[in-house]
Amino acid sequence: MAQVMRPNTVGGLFATDGKPHPLQDTLLAVTLVLGFTAFVTSMFHSLHLLSSWTGLVGIVTGAYGQWISETTRERFGLILGLGAAAIGFFLGMAHGGLFGGVIN
């Protein structure tokens, strides 16, 4: 009956190991915010500078976060942020790129 007293954290998608991960959680939040910003701003042609730069930084922070992540919850959120950042980056590059119109 001892197994009844312990919570089952192995089977859940957002399972955690019970330890704090402040760096990983910060990278997760930054990647999600940058990915969301890049994705939304990529829908507007005139905001290609913002979408391409936030997408690029989101890809870098998400890749580093994946490298040091320790739980499935962190990896799941990072993949969502990375996907949104990559879409925003690529659409921003298609609309004018990182320096489009600024440097000739």
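Modeller: Start with a definition: helices here are DSSP runs of H or I with at least four residues, strands are runs of E with at least two, and both are numbered from the N terminus. On that basis the protein chain has four helices and zero strands. Along the sequence the pattern reads α-α-α-α. Keep in mind that this is a predicted model. Of the 104 residues in the protein chain, 34% are buried. Among contacts with a separation of 6 or more, 79% join residues 24 or more positions apart.

Now to helix 2. Two packed helices are described by the angle between their axes and the distance between the axes.

Helix 2 covers residues 22-41 and helix 4 covers residues 72-95. Their axes lie 7 Å apart, at an angle of about 30 degrees. Angles under 35 degrees count as roughly parallel, so helix 2 and helix 4 are roughly parallel to each other. The crossing is left-handed. On the helix 2 side, the contact includes Leu27, Leu28, Leu32, Phe36 and Phe39. On the helix 4 side, it includes Gly77, Leu78, Gly81, Ala84, Ala85 and Gly88. By class, this contact has 12 nonpolar, six polar and three charged residues.

Helix 3 is the other partner. Helix 3 spans residues 48-68. The axes of helix 2 and helix 3 come within 8 Å and cross at roughly 150 degrees. Angles over 145 degrees count as roughly antiparallel, so helix 2 and helix 3 are roughly antiparallel to each other. Helix 2 passes helix 3 in a left-handed crossing. From helix 2, the residues in contact include Leu23, Val30, Leu34, Thr37 and Thr41. From helix 3, they include Leu50, Thr54, Gly58, Thr61, Tyr64 and Ile68. This contact has nine nonpolar, 11 polar and no charged residues.

A pair of aromatic rings is described by the distance of the centres and the angle of the planes. The structure holds three aromatic pairs. In one of them, the rings of Tyr64 and Trp67 have centres 5.8 Å apart and planes at 55 degrees, so the pair is tilted. Both residues lie in helix 3, three residues apart, about one turn of the helix. Tyr64 has 37% relative accessibility, so Tyr64 counts as partly exposed. Trp67 has a relative accessible area of 68%, so Trp67 is exposed.

Methods:
Residues numbered from 1 in each chain as written. Predicted model: local features only at pLDDT ≥ 70, side-chain atom pairs only at ≥ 80, totals over all residues. Heavy atoms only, no water. Axes fitted to C-alpha atoms, helices over the stretch in contact; angles between N-to-C directions. Parallel < 35°, antiparallel > 145°, perpendicular 65-115°, else oblique. Left-handed = near helix turned anticlockwise from the far one by under 90°. Contact = heavy atoms within 4.5 Å. Nonpolar A, V, L, I, M, F, W, Y, C, P; charged D, E, K, R; others polar. Phe/Tyr/Trp six-rings, centres within 6.5 Å; stacked < 30°, edge-to-face > 60°. Buried < 20%, exposed > 50% of the residue type's maximum accessible area, 1.4 Å probe, protein only.
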